[in-house]
Amino acid sequence: MKRFLINFGFFFAVLFATAWCLDKVMTDNLQHSNARVFNTYNVIYNDNLKCDVVIMGSSRGQVQYDPAILDSIIGLNCYNISVDGRCIDAQVTMYGFYCHHALKPKYVIQNIEWGTVLMSNGYEREQYLPYLNTDDMYEQTYKSEGFTWVDRWLPLIRYAGYHEVIKEGLGFKNNLNRPVMYKGFIPRDEIWDGSVFRQIDTLQFTYNPEAVEIFDSYLMRCQEEGVRVVLVYAPIYIGVTQKIGFGVQEMFDFYQSFADRYEMPILDYTYDSLCYDTNFFYNATHLNKTGAEIFTSKLAMDLRKLFAE
């Protein structure tokens, strides 16, 4: 029995050591990956960013706000830390990670829309895995993403089921998306596809109480730390706005209440001329590369005046 226990203990120790080494190799590789799902977190963690302005939002933030144009017009260093397919909880997680590992920004450009103040649905949960063993990431995500102490402390467990991520971590060929990105911005050089618009029956402005609390705490933190927030309604195809109907005014009133509370300006491009021309969109809710360039130029001019004040 004693020999059995010794052999079992030795086997377990070898197994744990092997798993720990594999976990470290995979995590180190993923922390330097250029795959879209990991890119922004990796840049923040590795590159010692010192940005004056960060842009926050979901995919509409990621593909519509061009830092190169903002840099050239307002004369400040900008970076886009928007999170694809995610609501305010994940956006604030990204911002918290940024502030922990990079120099605090002077300004935040926060994209707002009908679905901002909701809780995310777990889309691309794997983006957090390479950093789950850090205190700041675990504390911000264990509730919203369902992580446990097992995921944090036991090697390899958190990667179970993520086959493409595992292949990336081990250096094998995989199917992770690697678009051309510039400072977190992903231009989409595509023409209008009306299928998304046709699938939208009605679109309602809604909010989640927990998400509202996260949004409020984040704005309060920015105010207390002297970070100026600018809320922005980016262009959206006018047909979508019409499908929101009376909810548009409800959305405006909701965000205006926060703007008043924290003395934040709102820049509104809901009815900009871009919104009436499908040549500037690749689908009903996202500007294409040309549209993003025009919008960002308009935004930059407005921000330059605003910052000068």
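Student: Start me with one residue. At 31% relative accessibility, how does R221 count?

Tutor: Relative accessible area sorts residues into classes: buried is under 20%, exposed is over 50%, and partly exposed is in between (1.4 Å probe, protein chains only). At 31%, R221 counts as partly exposed.

Student: What kind of model am I reading?

Tutor: A predicted one, in which local features need pLDDT of at least 70 and side-chain atom pairs count only at pLDDT 80 or more, while totals for chains, interfaces and linings use all residues. Residues are numbered from 1 along each chain as its sequence is written, and side-chain values use heavy atoms, with hydrogens and water left out.

Student: Back to R221. Which residue forms a salt bridge with R221?

Tutor: First the rule. A salt bridge needs a side-chain nitrogen of Lys or Arg within 4 Å of a carboxyl oxygen of Asp or Glu. Here the partner of R221 is E225, and their closest N and O atoms are 3.3 Å apart. E225 is partly exposed too, with a relative accessible area of 31%.

Student: How many salt bridges does a search of the whole structure find?

Tutor: It finds 16. Take K106 and D52, whose closest N and O atoms are 3.7 Å apart. This pair links distant parts of the chain, 54 residues apart. K106 sits in the loop between α5 and β3, and D52 in the loop between α2 and β1 (53–56). K106 is partly exposed at 47%, whereas D52 is buried at 17%.

Student: How far apart are the closest N and O atoms of R152 and D135?

Tutor: They are 2.2 Å apart, in another salt bridge. R152 counts as buried, at 11% relative accessibility.

Student: Now helix packing. At what angle do α2 and α5 pack?

Tutor: Axes are lines fitted to C-alpha atoms, for helices over the stretch in contact, and angles run from 0 to 180 degrees between N-to-C directions. Helix α2 (residues 36–46) and helix α5 (residues 88–101) pack at about 20 degrees, with axes 8 Å apart. That makes α2 roughly parallel to α5. The classes are these: under 35 degrees is roughly parallel, over 145 roughly antiparallel, 65 to 115 roughly perpendicular, and the rest oblique.

Student: Which residues of α2 and α5 meet?

Tutor: Contact means heavy atoms within 4.5 Å. On the α2 side there are T40, Y41, I44 and Y45; on the α5 side, T93, M94, F97, Y98 and H101. By class, six are nonpolar, three polar and none charged. The nonpolar class holds Ala, Val, Leu, Ile, Met, Phe, Trp, Tyr, Cys and Pro; Asp, Glu, Lys and Arg are charged; the others, Gly among them, are polar.

Student: How many residues of α2 are buried?

Tutor: Nine of its 11 residues are buried, and the helix is mostly covered. Among the buried ones are R36, F38, N42 and I44.

Student: At what angle do α5 and α10 pack?

Tutor: About 30 degrees, with the axes of α5 and helix α10 (residues 209–224) 9 Å apart. They are therefore roughly parallel to each other. From α5 the contact uses I88, D89, V92, Y95, G96 and C99; from α10, A211, I214, F215, Y218, R221 and C222. Nine of these residues are nonpolar, one is polar and two are charged.

Student: Last topic: backbone angles. What is the phi of E124?

Tutor: Near 50 degrees, a positive value in a residue other than glycine. E124 lies in the loop between β3 (107–111) and α6 (135–141), and it counts as buried at 14%. E263 also has a positive phi, about 55 degrees, and is not a glycine. E263 is in the loop between α12 (247–262) and β5 (266–268). At 70%, E263 counts as exposed.

Notes: Helices (H or I, at least four residues) and strands (E, at least two) are DSSP runs, numbered from the N terminus.
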